[in-house]
Structure formats: structure tokens, C-alpha cells
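Try each task on your own, then read through the solution.

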Amino acid sequence: MSRHALTLLPLVFLVSLPASSVAQTGTPRAAEHAQLRRALEDALSKSPMGRARAGMEVVSLDTGEVLFSHRAEELLNPASNVKLFTAAAALRVLGPAYRFETALLADAPPLAGRVKALYLRGRGDPTLTTERLHGMASELFHSGVREVQDIWCDDTWFDGDLQPPGFDQEDGDRAYLAPPSALGLNGNTVGVYLRGGEAAGAPVVVEVEPEAGLFELENEARTGPRGQPRFNVRAERAGERILLTVRGEVPAGELHSASRKVDLPALYAGHALRAVLGQHGIRVRGRVRAGATPRGAKGLVTVESDTLDAVLRKLNKHSSNHVAEVLLKALSAHVEGPPGTTAGGVRAVEAFLAAEVGLPRGSYVMRNGSGLNDANRFSARQTVRLLRHAYARFSSMPEYLASLPVAGRDGTLRSRMEKTLAEGNLRAKTGTLSHVSALAGYLTSASGERLAFSFLVNDYEGRAGPVVQALDAFSAAVAALGAPPGQGPAEALSTLVEPPPTLDDAALREKVKLYAGLGAAADLREAPLLRSLFRSERDGAVRAAVADALYRCSPDEAVGGRAVLEALEPEDAVYGRLRRACGELGVPVPGLGPLVDLAASGHPEALPRLISLARSTPEPERAPFNGWMAEVAVTAPEAVLAALRPLPGPDLQLPVELLARGMATHPRGPRPQPFWDALRRARKDRDPALAAFAEALETRLVGALSEGAATSVPR
């Protein structure tokens, strides 16, 4: 271990309060605890969590008493709850006041306002922004520099591995997959802005923020009619450039945007700096290159990030994978010396957990700092033990608590647990992956008791929506501990215990008309009301109608898109009832349009959901799915390949038929070029399984097109 190593303190245990404050058998508090335990056990058996692998624990911070425990020692995938461990270790090792530095240096002092080699050196700031580059450029200009030959980008404080464990399990260019680097910019994502033209068919105006010479733009997007936008932005590395391909339609005069990861983070920062220097009157004559800063280089400008406590709020309130993975490498560089590595960061966290929290190495699995995908295992008891340790540590407890989302108020909990006793009284970290949902943190009960809790749910059937609702109900029940009669834990859990109501056909049609009217207005001011209604409506079909209206008023993926994906289920109780009600009303089925929008944008969950809905649709009513499949194939061809690849052979038949029928009547003809280009690239991929799948899919699709051409394609 290097001279940077931290001597960790001995294990710290919570000190129990005097016996007079500890709940004794027969006291009112003990009776309340027993009532809570019975209510949670009853609700667990009747909720979706009862049919899954679930680990749970609730502990009093005042007394140390375990109020509720269920399979608390079982190791489960904690998803983004891993960020709780990363944050706690970062606070202990780096300290709340730690700041990351980014510097401009020169190989020699400026001569006559000229710098031959300007080095942009990063030390792991995950919050460096374009605005801060402007500040650096301004200071450099006022120091007298007017010309730079070459810009060198130095990211050697970390190693060159840009794909942490777990990230390799998912392909794509979504912003949450942004790579960790010692030198990066804007979370290593780029903003792409699309503005519809004045008339249908006109090119869409596409602008990149920040402006940087790193990007090549292929703009195939056109202005569409009024309605929802349907476009996709794809970012992929092409040598030392990033190719941005824009397809689809944007309504006339409307402005929309997308954020995509950048796989060349150091060069991205360097190219952005070059553009910013030009705006400040400093000419760059040469190239932007990658390279280490030489020893003896002269420092010209240094900027610092916000303190670590502010960085942790970005980490936990918004569940930033990028910040988590950068922090892990920063821990490695600080403890073991540069270059920081993911493995070294994990070792630093493990040392902290063993020496201070009492979690020995080997009792859990930690391979990354963000919790992305299938890379980590912790138990609910281990998570609660960490939370108790962090709460007892006065020197960093306020910063740790302040980093967590507040129920019903901000971050990833902004729209959860509203109008319950948990609202404003619960601070917790969420965790969501495919068939994984988690929630862990702190709350103050109605009786004033301070509690720590961890709920981990793995391998549940169906989608996440019912499980998330159950987690929220459990949290609200714990918050209701000690509430007045009629407002206690049992009442908070009643929606889980009682079967949801099902409206009759006439009432459902009225609700569909009501929410269709709200959605048609597309008024952002209605979004808070619709978010609240989405949580309060219990009939599944009605919730899908609310979700559609919410999407049309607030079409971003995080709010409206998430609601549609959560609500529109293929089961007859939801989609079947909606389809029949809308058939009688003569209106589109709520949620289908937004799903097509999301699929066309490349959202990984949307097209599989659309295919499952097509399976639940009677053959005579499937015609619209043909066009939707073809439209997504043109706008987001990679999303089609990703959705079809996991399907077993028999399940491929329907989507291939839908795609072939849609292509046969598509305005671009039966061979829309983007999809066939994507197939050709996949056939040449280095992954033999992907190449074989693409070849088999092409053969199958060509056969389906040929069969369709004989009967339905005009000659």
C-alpha cells in the first residue's frame, strides 16, 4: 500500500441508549412494534414480494431493536443500493470537503502569448462541465495567452478501462452507461437538440451541445405533422470520432433533445476546450491529442469541483452510475496511488467495510460502484449495518443523509409515497434493474422513532410496477408506526392486502374519455395532478389511461415514459379491457402511441413490450403493429435487433411477420435502408453468436417478405 494509504480505525459499534429508553415487553412502543411486525408479515405473503426472493430488515436507531426481519441474511442483487456503500467509503476515505482538480498546464512558460503544448489534466472530477471550461479559458486569456499549437488530454490518473464490470452485460449508448474516466465532461454525455422545420418534410435542425469537433453528424430526420415526436439519436465510436446518427420525425417548430454517452471522454473534453478557447479569443492551430503531462510542466489554470458532499447528492439523488464508478477509481488512486482502477476502488471499500463496519471480505460480492446489472451481492442485514454505522458517524452523517432522495420531494423518490406518512420523513436510495427492486435508508416514524431499513427484492414475476408499489406501501407502513388509530401500518398496507377494484365497462369508458381529454391538451401544468392520480388510481386499466395522459403532458422517459412502461400490461385485466373499451369509443388504446415513441427512440424496454401486446391482440386487430414495427426498424434498427435476439425460435415468428408486413407497405419500400444496414453490420460483428443470429434473421425476414409479396404487395 502506498504512502496515500489510509489507516482505518477499529470497528465502531453503535452505543445503546440507557435501559430506560429501550422498549421493554409490555410497553406501548413494544405493542406498536408487534403490531407493525404482524401487518408486514401479513402483507408480505399477499404481495408480489411474497412470490419473489426478498430480504428485509427494519432496525430502530434509537434502541438497536430489530422491528422486522425476513430472510435478512440472504445475499441478493442490490442494484443501485450499492451506491450506499460507495458513498460511505468515499466520505470516510476522502472526507466531505474533498475537491477534484482539473488543470491547464504548458510544456514551457508562454512566449509572446503563445503556448506550444497545452495539457488538460484531469484528476477524476465527475462534475466537470462546459461552463467550467469557459472559466478556465477566460482565465487563460486574461493571463495573456492568445495562441496554442496542440491540446493534449491527460486522463492517466485512472487506468484506460472505460467499461466497469457489469456494464459489459448491456449494449447501447444510453447516458446511464457513460464511461468513468479521469478526464471527462458533462458526465461523459453529449446533448443533441432537434428542432422541427417550418413545414412537414423539411429537414430537422440538429445542434450538438457542447459544440466540439469530435462529432460527425448524419441527419436523416424530417419535420413531421403535429403530434408526439418520434425520433432516435444514436452515438457510436468511429475511430477517434463519435458518429451521431439522427432519424425520425419532429413536429414543426418543436424543440426536443436527447442525451447520449461519449466513448472518447478525454478527447471529448479536449475538443470542447478547443471550441471554448476559440470563443474566448485563443486560437488553436494544431490538433487535439491524448497524452500524459510531462514532469516539470508549468501550471497555468486550476479549477476545483464542488466539495464531495455536493458530488454525493448527484450520486444518490439521481442515481448516477457515472459518478459512482469515477468515485471508485478515485478511491483507488487516493489509497493505492495512480492510476486508479475499479479493482483498487473495490479493495478500498472492502477495507473500510472490514475495519469499520464489521463486514469481512468474502461475506458479500462487490465488483463495481454503481450496482449496474448482475455484478454485486449484499444482504438486507449488511445494508442496515452500513446505514447504522453511517448514522452513528457524526463527522459525516449529515452529508450522508443529505445525499439521499426524500420521499415525495426530490430525486428518484420525487413521485413516490406522496400523501403518506413517509412523505418528507423518509430518505432512501432506490435500486432498479430487470426483476430487481430495492429501497434502503432512513425514516422517522409517526411516534418519532428513528429507523434504518433495507428492502431487497429479486426474481419477481412480471414487471416492476407492482413490486415498487409494495415497497412504497411497506415504507409507508413503517412510517405509520405509532400513528393514531385508523392511520397505522395496517391502513398503509390495505392496498396490498385488499384486491384492487375493477370498474365496470361503462365507468371505464368514462375514465378513458376523461384522461384522453387531459392528455390531448398536452399541458405540462397538468403533470403534477396526473402523477398523483397515477399513484392513487387502483384499477390497472385506468392507471394505463392516466399514464398515457401523463406521457403526453410530460413526454420524457423518466416520468411519462416510465409510467407507460409500468402500467400498460398485456394481461386482459388491463390491455384487453382497454382495447374493448376503446373499440366501443372509437379512440386509440392509451399507451400504444407512447410505446411506439419510446421504441423509436431506442428505449430497450419499449419494443419488447410492444411485441408482447401484439401477441395479446386478436389477429384482425393487429394491422397497426405492422406499421409500428417497420417504423421502429427505420428509426432505431439496433433496438429491433436487440429486442428480437433473446427470443427463442418459435417466439420470433410473430414479430418477423409484423416486420415483414410493415416493410411491404412502408413508404421507403420493403427494404428500409437503416435496418438492412444494421443487419449487415451485425452479420460482420466479432461476436459469432450475434453474427449467426443476424444471418438467420435476414434469411427468415427475406422469406417472409417474399411470401407476403406474392399476395399483398402491389406489383
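**Exercise 1. Work out how many helices and strands the protein chain has, and how compact it is.**

Start with the secondary structure: the protein chain has 24 helices and 18 strands. Here helices (H or I, at least four residues) and strands (E, at least two) are DSSP runs, numbered from the N terminus. Finally, the box: along the principal axes, the C-alpha atoms fill roughly 85 × 80 × 45 Å.

Keep in mind that this is a predicted model, where local features need pLDDT of at least 70 and side-chain atom pairs count only at pLDDT 80 or more, while totals for chains, interfaces and linings use all residues. Residues are numbered from 1 along each chain as its sequence is written, and side-chain values use heavy atoms, with hydrogens and water left out.

**Exercise 2. Find the strand order of the open sheet of five strands, and say which helix lies across β17.**

Step one is the order, which reads β2-β1-β18-β17-β16, with antiparallel pairing. (Two strands pair if DSSP finds at least two bridges between them.) Step two is the edges: β2 (66-70) and β16 (426-433) each pair on one side only. Neighbouring strands in this sheet are turned by 5 degrees against each other on average, direction ignored. Now zoom in on one end: β1 (residues 53-60) and β2 are antiparallel and share four bridges, and E57 has S69 of β2 as its bridge partner. Last, look for the helix: α10 (residues 464-479) lies across β1, β16, β17 (436-444) and β18 (450-458), and runs at about 15 degrees to β17. Angles here run from 0 to 180 degrees between N-to-C directions, and axes are lines fitted to C-alpha atoms, for helices over the stretch in contact.

**Exercise 3. Follow the pairing from β3 to β4 and on to β5.**

First, β3 (residues 101-106) and β4 (residues 114-122) are antiparallel, with five bridges. Along this pair, L104 sits opposite L120 in β4. Then move on to β5 (residues 147-154): seven bridges join β4 to β5, and these two run parallel. There, R121 stands opposite D154 of β5.

**Exercise 4. Describe how α15 packs on α16.**

Begin with geometry: α15 (residues 540-553) and α16 (residues 557-567) pack at about 160 degrees, with their axes 8 Å apart. The two helices are therefore roughly antiparallel to each other. For the angle classes, under 35 degrees counts as roughly parallel, over 145 as roughly antiparallel, 65 to 115 as roughly perpendicular and the rest as oblique. The crossing of α15 and α16 is left-handed, meaning the near helix is turned anticlockwise from the far one by less than a right angle (clockwise would be right-handed). Who touches whom? Contact (heavy atoms within 4.5 Å) involves, among others, A544, A547 and Y551 of α15 and V559, A563 and V564 of α16. By class, this contact has eight nonpolar, three polar and three charged residues. Ala, Val, Leu, Ile, Met, Phe, Trp, Tyr, Cys and Pro count as nonpolar, Asp, Glu, Lys and Arg as charged, and the others, Gly among them, as polar.

**Exercise 5. Say whether α20 and α22 are parallel or perpendicular, and what their contact is made of.**

The axes of α20 (residues 623-635) and α22 (residues 649-664) come within 7 Å and cross at roughly 85 degrees. So the two helices are roughly perpendicular to each other. Residues meeting there include F625 and M629 in α20, and L658 and L659 in α22. Sorted by class, the contact divides into eight nonpolar, three polar and one charged.

**Exercise 6. Locate the cis peptide bond from E209 to P210.**

Check omega: for E209 to P210 it is near 5 degrees, a cis bond. Then place the proline: P210 lies in the loop between β7 (205-209) and β8 (215-219).

Methods:
Rg over C-alpha atoms; globule rule 2.2 N^0.38 Å.
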